[in-house]
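Welcome! Let us walk through this structure together, one region at a time.

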Amino acid sequence: MAYPYAHPRESRVLSKHFGERDAIGIDGWIERGGYKALEKALGSMSPDEVTEVVKGSGLRGRGGAGFPAGLKWSFMPKDDRPRYLTCNADESEPGTFKDREIMRWTPHQLLEGCIIAGYAIQAQHCYVYIRGEFVDIVRILNGAVAEAYERGYLGKNILGSGFDLELTVHLGAGAYIAGEETGLLNSLEGRRAEPRIKPPFPAQRGAFDMPTTVNNVETLASVPHIVLNGADWYRQWGTEKSPGTKLFSCCGHLQRRGNYEVPLDFNLKDLVYDLCGGPPEGRQLLAVIPGGSSVPIMKADEIDCEVSYEGIEAAGSMLGSGGVIAMDDSTCMLRAVRKMVEFYAHESCGQCTNCREGTAWLAKILQRIERGAGREEDIPLLLDISSNMVGKTICPLSDSAAVPVVSSIQKFEHEYMAHIRDNTCTAVG
Amino acid sequence: MEREKQALVTVTIDGMPVSVPEGTTILEAAERLGVVIPRYCYHPGLSAPAVCRMCLVEVEGAPKPAPSCDQQVQDRMIIHTASPEARKARRAAVEFLLVNHPLDCPICDAAGQCELQDYAFETGQLDTRNIEPKAVLGRGKVTPDIVYFADRCILCTRCVRFMDEVAQEPVLQVISRGHRGYIDTMTGELFEHPFSMNIVDVCPVGALVNEDFLFKARAWDLDQTASICPGCSQGCNIVLGTKENRVLRAKPRPNSEVNSFWMCDHGRKAVVNWGAGERVEVPMARQDGRLTAVDWARALDALTEALRGQPGGGARAIVSAGASNESLYTIRKLMDLVGFEGGQFRITTGREHVLRGFPKLALRKDRAPNGRGAGLLGFERADNVFEAAGQHTGVLFVLEDTLEGAPEDFGADAALFVYVGSMMSHAARVAHIVLPSPTFAEMEGTFTSFEGRVQRFDQALRPPGVARPIWLTTSVVLERLGGGPAFRSAGAAFASLAADFSEYDGLSYEGMGLRGAAIAGARPAAVP
Amino acid sequence: MSDALHAAVAGAQPSQRAEKNPDAPLFEGAYKDRFEQILGCYPNKRAALLPVLNMAQELRGWLSPETIKRVAELLELTPAYVRSVASFYTMFSPRPVGRHVIQVCAGIGCDLCGAEDVVEKLLEATGSRLGEMSKDGKYTVVEVECLGACGFPTVVQVNDRVFENVQAEDVEGLLKELD
């Protein structure tokens, strides 16, 4: 069963064993075919062959940016410097909780992916950077790591292959920006999680100034399946540009919130209405944010589109991390946007002027409008501040904060005007 | 010629082509053309974190504006620093920086030298669209001398990077994050560092201010004069900030050969306190057994007569390693007239502090600017300068040494005792002639640094009374006694010095400019 | 706390527990071993900073200036640097906290589903003010940004335990369960 709800229209690869307590431990995992892919990779494939299969599968990074994973691996220089693999388990994009469930139910699925990826890039050490708030999840992951070491899947001479890999679980301590890959690297190094200027990219100079690959949990968890079954098998799902299946975290005003795994050519509207059951009884869907809070808001009538990277983009938003936030007609859009902007203001690292000052300024204006002290000129002001925050900073957090403001004004300006002109809200009920 | 080996790339900035070595940043390339791109976090002596977003420029073909302090030029790049896009980006940065800025310029020490003011004016961002209440963070001390005004801070982190990269003691840090961020030390602690006040210099706004200077003067009321720090033998290039004939502050003047962009706290304090105390303001000559104020003509006549009489025993001197090359040289020439028997100087010493990130620069053990010059001009360093000079029965010169610690009967046996100084001295009461001289800030001249670099300082202050440089006044005596023509300028005195002392061969006062030049064959002296 | 943690996870233990002792000796006994294990996981000492701060907070409940200085000394960093890094991360507390640190998710997912009511109820039931320790020292209720479990609103984390699907009416029961 998928978690916590199953639906027959899902295509369950990653989530096949969600909800099965027995799958958490290593024995249960091996019974379910776990570590077969690792045996195959270490036993019969060269690191480059592993990279090629993943490249061929077209697997795209599931953290939000969607960069092809195999291609990223191939950027690692082949010199004799130490190399690192870093698993980004700092899942923090509001609306996204898929990595959490992967680690909660199938920690070995992730570890197997880490070890195979580590082999492909010939890493000597893998750091799993997990957000500190995942207290219950980290216990599960820690247990799995100890088991993997015990069974010889980690450490020296893994499965007699001569390949060594150490793995350390590294706990974050409360910083969204540590989920940005260079912020993560700084945090891993014991610094403030302030994003670095790129270039240099992590493959050239990453953790501890050494070549580093940073991959998201879901990306790495997909790797064993691809290695075991082949690139073509993976491409049976999805589209040419967006192959495979993906977990969608669905939250907000839905009858059945949870994680659903569907092929990337699935229909977003079906996901919302069919799999999640649509909005609660008696409510109308107002809007959907399809990829975590940093992607443009879609109106309810815009969601009849493919969930692929290109499909959602064509519909005016982005797949992002796959965090689907549904809002019904009881939602005060202004409040929702304010909450999202406050989040980014709270999480801005503060390095770049535009982001540090812009996020806080936007939040103050939205708070004032919500209080009933809005002015009509606040609308163009919000838009202009937003435009001054987009594409002007080291990392995209600043852009992320501007996105909900701009897209909500584009699509729900009447809600702003109701607050500004009449100090009323268009939310129903 | 390392640079010439590097490949050159040619770029166009605001329509002007420029060729620069590969690896040059857009900001540096623009400076070669005289195009100054506004910046806050960038400082030429520090790393470029590209966080203030002020130096964004438009690069043709690039999807978004580029931080010019970080982005390196590439061949055939076309860059616009003042296009509508670049200007909008700059205006945005200034507007954002002013959202929570208190705009307390009327009571801010940085007003008039504030880069936020400058660029707000330049971008036309004089009005704000912000009507929200501003954040209030307060203020606090970060060192015993430096106050931090958090509300004025734009978090450019220049101060943090100075302590981290240059001082290499990361004791000043950004605390908290985002719009709640501010700069601080460890909770409840002040830090002390021999180079701490550079953080005030690098602050582009009025967030870090020197308490000593607080409310003393507006920046635009200060006269600025190029000078050399007299605090130790390093010879830091500095600028004196003066008002109403007082030095209110010293700031470093960039010189990559000597002090980069920095100077130490000891030097700053030494400069400001230099010349404090009772000054010699008029010449005095002994008349009827008593020292009596006289005019320069009489004083010089008296000196001429006394030397012309050729008193036996030759000349001895106690000089100061704080005196300029020209002053020391003139005394030397006077001594030569009656036979140079030797002269000594003493130097107060203290702990050496090397600036780790720029180890060429240190607060040197020798806390005087011209010990090297005094040595080259034939004077010798001694722990006890009174032994040889105190019993001298011939001509005794004292130049700029206050004679502190001299025995009660010092100079009593001398046939002629001439005291040339800026400070009044108890021991000078038995002198035959007392000549008032200016401090380094009140005259121009040169010092020779510990490593043999000759550097010029300009006159910043009016000397008290009728004090005049010794090379100007007593060179008349030299002329009268056949010691060559009188010096009309410090440059003429230096030219004569360079002709007489081969170590200074090839140097000229004009030629060395304000950056100074090394003496012939100068090897950096071994650091003691 | 198990004395026999695997070195790979020695630095990754939840940092808030009910048992805290602000005066507990730092990095002694089993904690000294863990400290050494943590150092062994990284190529330099600085990288051990987050795990070590985490461990210090696990023991003492918060990061006092004295704790920060001790960590700085052990890792050969300046106290100001350690303070700067610690202050960047919201899970490190710069002030003492109650026995139960109750973090309520205020992210968009939970907010849409009534997180505000849960916070209100928690403050009322614990007799505390947001972010401040209750008078009896038992609770500190804070609103936190998205806890990454948006499908199960409202998410409430108490020390090292996570409660999902919490509604305002569940608050009394939740607090009882803590005692």
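Which residues in α3(A) meet which residues in α9(A)? A:Val50, A:Val53, A:Val54 and A:Ser57 in α3(A) meet A:Val223, A:Ile226 and A:Val227 in α9(A), where contact means C-beta atoms, placed from the backbone, within 7 Å. By class, this contact has 6 nonpolar, 1 polar and no charged residues; Ala, Val, Leu, Ile, Met, Phe, Trp, Tyr, Cys and Pro count as nonpolar, Asp, Glu, Lys and Arg as charged, and the others, Gly among them, as polar.

Before going on, note that this is a predicted model, in which local features need pLDDT of at least 70, side-chain atom pairs count only at pLDDT 80 or more, and totals for chains, interfaces and linings use all residues. Residues are numbered from 1 along each chain as its sequence is written, while chains are lettered from A and ligands numbered from 1 in the order in which they are written.

Now turn to chain B and its strand β24, residues 445-448; strands are DSSP E runs of at least two residues and helices H or I runs of at least four, numbered from the N terminus. B:Gly445 and B:Phe447 point one way from β24(B), B:Thr446 and B:Thr448 the other way, and all are buried (20 or more other C-beta atoms within 10 Å of their own, placed from the backbone). Strand β25(B), residues 453-457, runs antiparallel to β24(B), joined by 4 bridges (pairing takes at least two DSSP bridges). B:Phe447 has B:Gln455 as its bridge partner in β25(B). With 4 residues between the strands of this hairpin, B:Gly452 takes a positive phi near 85°.

How values were computed
Buried ≥ 20, exposed ≤ 12 C-beta atoms within 10 Å, placed from the backbone. Contact = placed C-beta atoms within 7 Å.
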